[in-house]
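The sequence and the model are shown first, and the main points follow by topic.

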Amino acid sequence: MTDNLKTAKKLLAEAKTDKEQHQPVLEQLYRFAMPWRTRFDSKKPNNDHGDIFDQTQMEALGDFANDINAIVTPAWMAWVEPEPSKNLDPQQAKQIEAPLKEYRDKVFAEIRRSNFHEAATEAYHDLALSAAVMQIQNGAAGRPRICQALPLPTVYLKRGAYGE
């Protein structure tokens, strides 16, 4: 077995252990706050929320997702502004301002062409409970990129270098 494969297996085992540790709490959060979302014991969405009589958590989660989408990644404006490095002299910085703005405009045109904002809203629901994961795939030639919020139960996450 190669060193890369051994490392990958070790990291996956650590991610599985971490997921198992948090799974009982997350299962309850998903059940009451997002009963329609794919859960840990299933590969598809659930519809077993007939016994949930209070929608307060679901409504609060929807409000959170919409607020985060409007504040952090609003569809009506560029939410990242590239700027020249502080290490450049003022003349060099001035020279690359226009290309940076052109780059920003192209990036956000692609974002608006894709389904990013719909997928982001879905991912922000997960973010309210724990972590959010979004897969962004290149579209076929001439077609927009495809964004998909992946339910937390379907992925493994490895904590950072400092266990955070």
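In which strand does Val-133 lie? In this predicted model, Val-133 belongs to strand 1, which covers residues 133-137.

**Val-133 and its surroundings**
- Val-133 counts as buried because its relative accessibility is 18%, and the limit for buried is under 20%.
- Beyond its neighbours within four places in sequence, Val-133 makes contact with Gln-148, Ala-149, Leu-150, Val-155 and Leu-157.
- Val-133 and Pro-151 are 18 residues apart along the chain, and 7.2 Å separates their C-alpha atoms.

- In soluble globular proteins, nonpolar side chains tend to be buried together.
- The largest nonpolar core here consists of eleven residues, including Val-133, Leu-150, Val-155, Leu-129 and Leu-152.
- Helix 1 (residues 3-33) supplies the largest share of this core, with three residues.
- Leu-129, itself a member of the largest core, touches Leu-26, Leu-29, Tyr-30, Ala-33, Met-34 and Leu-61 when residues up to four places away in sequence are not counted.
- A second, separate core has eight residues, among them Ile-111, Phe-116, Ala-120 and Cys-147.

**The largest pocket**
- The largest pocket holds about 180 Å³ of space.
- Its lining is made up of 13 residues, and those nearest the pocket centre are Asp-18, Lys-19, Ser-130, Leu-152 and Leu-157.
- By class, seven of the lining residues are nonpolar, two are polar and four are charged.
- Leu-152 lines this pocket and also belongs to the largest nonpolar core.

Terms used
Residues are numbered from 1 along each chain as its sequence is written. This is a predicted model: local features need pLDDT of at least 70, side-chain atom pairs count only at pLDDT 80 or more; totals for chains, interfaces and linings use all residues. Side-chain values use heavy atoms; hydrogens and water are left out. On a 1 Å grid over the protein atoms alone, a cavity is a set of points where a 1.4 Å probe fits but cannot get out, and a pocket is an open set with protein on both sides within 12 Å along at least five of seven lines; lining residues have an atom within 4 Å of a point. Grid points are joined across faces, edges and corners, and a volume is the space filled by probe spheres set on the points. Ala, Val, Leu, Ile, Met, Phe, Trp, Tyr, Cys and Pro count as nonpolar, Asp, Glu, Lys and Arg as charged, and the others, Gly among them, as polar. Helices (H or I, at least four residues) and strands (E, at least two) are DSSP runs, numbered from the N terminus. Buried means under 20% relative accessible area, exposed over 50%, partly exposed in between (1.4 Å probe, protein chains only). Contact means heavy atoms within 4.5 Å. A nonpolar core is a set of buried Ala, Val, Leu, Ile, Met, Phe, Trp, Tyr and Cys residues joined through side-chain atoms within 4.5 Å.
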